[in-house]
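Hello,

Here is the structure I promised to pass on to you. Have a look at it first, and then read my notes below.

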Amino acid sequence: MRKLSESVKTRKNISNRIQFLIDYYFKGVNRNWSNPFTPFTTDTEWDVIYDETSNYIVPEKYEILDKFKTSFRLSAYPIALPDQFWEKSLVERRSWFIKEAIVNYMPQEILPGDLIAGARFNMMASRCFNEEEACRRNYVVYGPEGVRNREMEFHYRGFGNCTTASGHLIPNHQEVIEKGFKHIYEDLNTKYNLLTEEEKKGQKGNQLRAMINSSTMPRDLAEKYSKLCLEFAQEEEDKDRKNELIQMSTNLKRVPWEGAETFWEAVQSLWFTHMLIMTDENYPGPGVSFGRLDQYLYPYWKKSVNEGMSEEFGKEILKCFWMHCNTAYDATIYEGNNQGISASFGQLLSISGIGRNGIDLSNDLTYAILDVIDDMNPILEPKPSVRLHRNSPDKLLDKVVDMLASSQGAPFLINFDERSMAGLLRQARMANIEHLITPENVYDYASVGCMENTMVGNDRSGTVDNNVYLSKAIELTLGNGNELVLYENKLTHQSFSEELDSPKTGDPNSFKSFEDFYKAFEKQICYIIRRNYELYDALDTHRATFCPTPYLSCLVKGCAEQGKDITQGGAQIRMTTVEGVQFASTVDSLLAVKYLVYDEKLCTMDELIKALKSNWRGFDILHAQAKYRAPKYGRDDDEADAMAEKVMALWSSEVWKYKTTTTNVQFRPGMLSWNYWITTGYFMPALPDGRRQGEYFSNAICPVDGTDTEGPTANVNSVGKALGGRKNGVGDFEDYINYLPNGSSHTMTLSPALLRDKNHKEKFKAFLRGYVENGGTALQINMLDVDMLKDAQKNPENYRNLLVRVTGYNAYFASIGKELQDEIIARESHSRF
Amino acid sequence: MKQNNKAIILDIQRMSTEDGPGIRTTVFFKGCSLACAWCHNPESILFTQAFEWYQNRCIGCRTCMENCKYSAISFTKDGLKVDRQICTLCGVCTKKCPTMAIEIKGKEMDIEALITIIMKDRAYYVKSGGGVTLSGGEALLQSKFVLALLEELNRKGVHVAIDTAGHVSSNVLTQALDLADLILYDLKIMDREMHKKYTGKNNDLILQNACMVANYIRQNKRPNLWIRTPIIPLATDHCNNIAAIGNFIHKNMAGIVDRWELCTFNNLCKDKYARLDLLWNYSNCDLMTMEQMDKLADCARQSCEEPNIVLWTGSTKLNDKN
């Protein structure tokens, strides 16, 4: 029998150079050097290095927060501080410290054959607090009313989780590539010199001085790498390699300090700029994304190709860049890379897409990048996103569908422009920033992280900062503001027995109609969103006070102008996103309550609540009725989908009501569920839709697994309707409505038979074009077959390269937990249950 | 209102990619004038409704049994048994079954309800050059409904294909030709007696209608025509038969057939027969091999003298085993 693993996609067109880099990378901890978090300390007894508040959206980490906190401190290298270090402002201290550490302490390394310089960037740098700041900060985090305790309760009690997440933005790469950091440096100096003496002494002065210092960090580091290249060149015997190293040295003398002149320089500039953001934030690549790579690199590509660079060599440069992106994963390489700990990287790049007047912007580089994606796949980073729209050319779709057909998990996410732009224009309206997002510039949006839509270069979109478990509102409605089960803090094993300050919306047995039930549900939705706001607001104030990122602030418009750090609300567009989790489970639960209790009267409210409290045990018939007979979202059933839209409108409009107090950051809605829809399934109670405790919730905007019985088109149509559909005269882009400007993650797993020959590929292209018209914003397609997956589960050793994508991030199938493996297998088919 | 405004619909399959060009919604009408021994949709042959029990959905709660006024349902160690002599198809059990494990196959639908479902996927038809396929059973046997439906779909600009075995009134077929965009016409067996043996009817009417369709298309330059031949072990899968069909096509339909599709036998309908308490002679029948299909396709190409129109579809043994 043919070995099943042979049907797994393999890499192709890989040169010896790239093959070496790949093989070396996969040696993992057996490499001579890698890129783990390297801690540095001011060597004070109060030093704080690990800031857990940017990690709270990874509940798997809760149990090891103290370990991180202590071990980084104990293993940190001390850095000799200059005189008057402690007299400087916090932001200046931090700017100096990080620059000193990366330029003068961290070793610089270049791998044989590598065409791009810049390694060893994962750093845990001292937060540079003085004693008083450390004390104040620790109280805010660890005090009895501190954010840590509040966060534990928020998550373990089933409300959600939130954090001031790093990254999740697209810096102004185009400006750096074109004009270099020198331009930023000069601009900052000009702005600084315009300050009054009073201002120079104050917060603005501190900030600008820190940013001026940070803007020279890439210059000084590039100089070191340039010298290293030259040293290697002198020792190099191979003539071609010697010339490459000399050229790299020359490249680094120019970029990123000055504007790039060749494609090679442009990619080198981009990598350096990007890598140092991860250094600055002490967090590797959480959605630090590249934006429209094929657009801003294209002039350099064209110029270099015209000047004689072969396309193959251009792709070789990109492949080196690809490998560098993967080194972000080295951060916790010694702790073990597993989902939930460090798989949360999303260095996303966007290609193709719409331009002004509906013109498609695909170019030669778009196709070259697609080749690189195809050649390198399977590989985890970077995460490509292909933007499709009504006028996407057939040539592009042919390539997209061919690549889908030849790999198991789609090697890219597909983003849909029309619905996405409708969301961003809605955001402009809701947040009163119609001067910043306009019909003329909305085309330039791109995605970050997994699939979250933002503007580029001036937008801290705060995607995934907040994740609210929507089904909590169902539970509280059924419990008259109380919970149906006793929740427990999994770290302390103490129960949360204190009564909630939730609205008492009435004994559900007294509700005369479903409308009464829904009114109570509305109040509970408002309550959980308010609780989320209160916690996030505290976290945001903490970050604004204690966690400046002056280097990143150089790369986002608005910070220099306002003299404010990006963490203090410096960006022109300031958002924090609330991602609605458990959406379809919540909608289906409302539909089930209506069906079981009010429409068909198959049970009383009291019986339903008893059934849920017993996790449906002893209620087999009612459970089956809830699960199989009650209407569901995802079947293109207009009544059920109308409920979905109603719930979407409800929770999303509630989100818009909030802004942070310290930074004036606007809350906005989006929908992805990372892995929370799985993990919360274990401790949140049974739901009226038939879900038992211990089973997963629905993922992002997807229907509950197995309920989309009417096939893929019906599933897609339901998603589009839940987002607002298309309504003449009231759309934000043409007649498209999108309640979720941040985007909505939609995953479909389809049978490979749908793509088996040319004829079927044509049909699938049309399916994608239909998705443009009827569907959501972001589609992740997995092409899997059940037998292969089951075999992979049993014999993981044969499938180490089997890559799947879940909610927009890649994972090696063999490395993810059994629950998620089962989940992917269950989702394989769209046939009935 | 009037009876002829409703039809008995067996099933509606959305995002169908196997019944004509593009992405389609296939509507399966119940009732057929043939009774092919290999029929893949045995529940479609009769016009009357049929009781089906899905074992994998059943939780054995006996709700159906308790609610059956006629005591037609019992449970044995093999699961649910229905006494089809007693069962009146009243439908109470299907409405009461908490897991939807019982289905009464065949549902009366009016044109409006059908159009509503069909139009949901309009965007995909437009982008793919797809549309609706009326299949069965034999859709054209419910002619008044089908012709009215065709008119409505024409008004809405939806591409329509009619999948027919050709054993229908010539008059109805002519009217359908006026309104359809594509005819999927089955030619199964050329030998008159063998045809009768395997399908219950001889092929006189089918061949006569085929010629009529050909003449119509020659005169009107439309609709499009695909010929489909199911490749069934022992019944249709020999070169003589395929060559005879090819000769017929060459003689009577030269130049007007867009595609001649040889559809490979599959045994996925095995459990359907079991659910209907019917025996199926093909239960243990192997799939065709790729070599067999290639050979038959060669026969077809030679005999019809239009090699470009011939293709074979479906899964073969080789594909399945590996």
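In which loop is Gly137(B) found? Gly137(B) sits in the loop between strand 8 (131-135) and helix 5 (143-155) of chain B. Helices (H or I, at least four residues) and strands (E, at least two) are DSSP runs, numbered from the N terminus. The peptide bond that joins Gly136(B) and Gly137(B) is cis, with omega at about 15 degrees.

Before the rest, some ground rules. This is a predicted model, in which local features need pLDDT of at least 70 and side-chain atom pairs count only at pLDDT 80 or more, while totals for chains, interfaces and linings use all residues. Residues are numbered from 1 along each chain as its sequence is written, chains are lettered from A and ligands numbered from 1 in the order in which they are written, and side-chain values use heavy atoms, with hydrogens and water left out.

**Where the chains meet**

Let us start with the interface. In chain A, 31 residues are in contact (heavy atoms within 4.5 Å) with 27 residues of chain B. The size of an interface is often given as the accessible area lost when the parts come together. Here, the area buried between chain A and chain B is about 2,400 Å², and carbon and sulfur atoms give 54% of it. Buried area is the accessible area (1.4 Å probe) that two parts lose on being put together, summed over both.

The rule finds 4 salt bridges across the interface of chain A and chain B. A salt bridge is a side-chain nitrogen of Lys or Arg within 4 Å of a carboxyl oxygen of Asp or Glu. Glu773(A) forms a salt bridge with Lys127(B), and their closest N and O atoms are 3.3 Å apart.

Which helices of chain A each supply at least two residues of the side that touches chain B? They are helix 24 (620-629), helix 27 (712-722) and helix 28 (758-774). Helix 28 of chain A gives the largest share of that side, 10 residues. Sorted by class, the side of chain A that touches chain B has 10 nonpolar, 7 polar and 14 charged residues. For these classes, Ala, Val, Leu, Ile, Met, Phe, Trp, Tyr, Cys and Pro count as nonpolar, Asp, Glu, Lys and Arg as charged, and the others, Gly among them, as polar.

**The cores**

A nonpolar core is a set of buried Ala, Val, Leu, Ile, Met, Phe, Trp, Tyr and Cys residues joined through side-chain atoms within 4.5 Å. Buried means under 20% relative accessible area, exposed over 50%, and partly exposed in between (1.4 Å probe, protein chains only).

The largest nonpolar core has 260 residues, and Phe583(A), Trp651(A) and Leu768(A) have the most contacts inside it. Helix 19 (residues 514-546) of chain A provides the largest share of this core, 14 residues. Leaving out residues up to four places away in sequence, Trp651(A) touches several residues, among them Leu470(A), Ile525(A), Phe583(A) and Leu740(A). A second, separate core of 80 residues includes Ile12(B), Tyr125(B), Leu134(B) and Leu147(B).

**Some loops to visit**

Is Thr164(A) buried or exposed? Thr164(A) counts as buried because its relative accessibility is 2%. You will find Thr164(A) in the loop between strand 4 (160-162) and helix 6 (173-193) of chain A. Not counting residues up to four places away in sequence, its contacts include Thr53(A), Asp465(A) and Arg543(A).

Gly113(A) lies in the loop between helix 3 (90-105) and strand 3 (123-125) of chain A. With 13% relative accessibility, Gly113(A) also counts as buried. Beyond residues up to four places away in sequence, Gly113(A) touches Arg17(A), Arg241(A) and Glu244(A).

Asn615(A) is placed in the loop between helix 23 (605-613) and helix 24 of chain A, and counts as buried at 14% relative accessibility. Met100(B) lies in the loop between helix 2 (92-96) and strand 6 (102-105) of chain B. Its relative accessible area is 32%, so Met100(B) is partly exposed.

Finally, the peptide bond from Val255(A) to Pro256(A) is cis, with omega near 0 degrees. Pro256(A) has its place in the loop between helix 10 (239-254) and helix 11 (263-281) of chain A.

Enjoy exploring!
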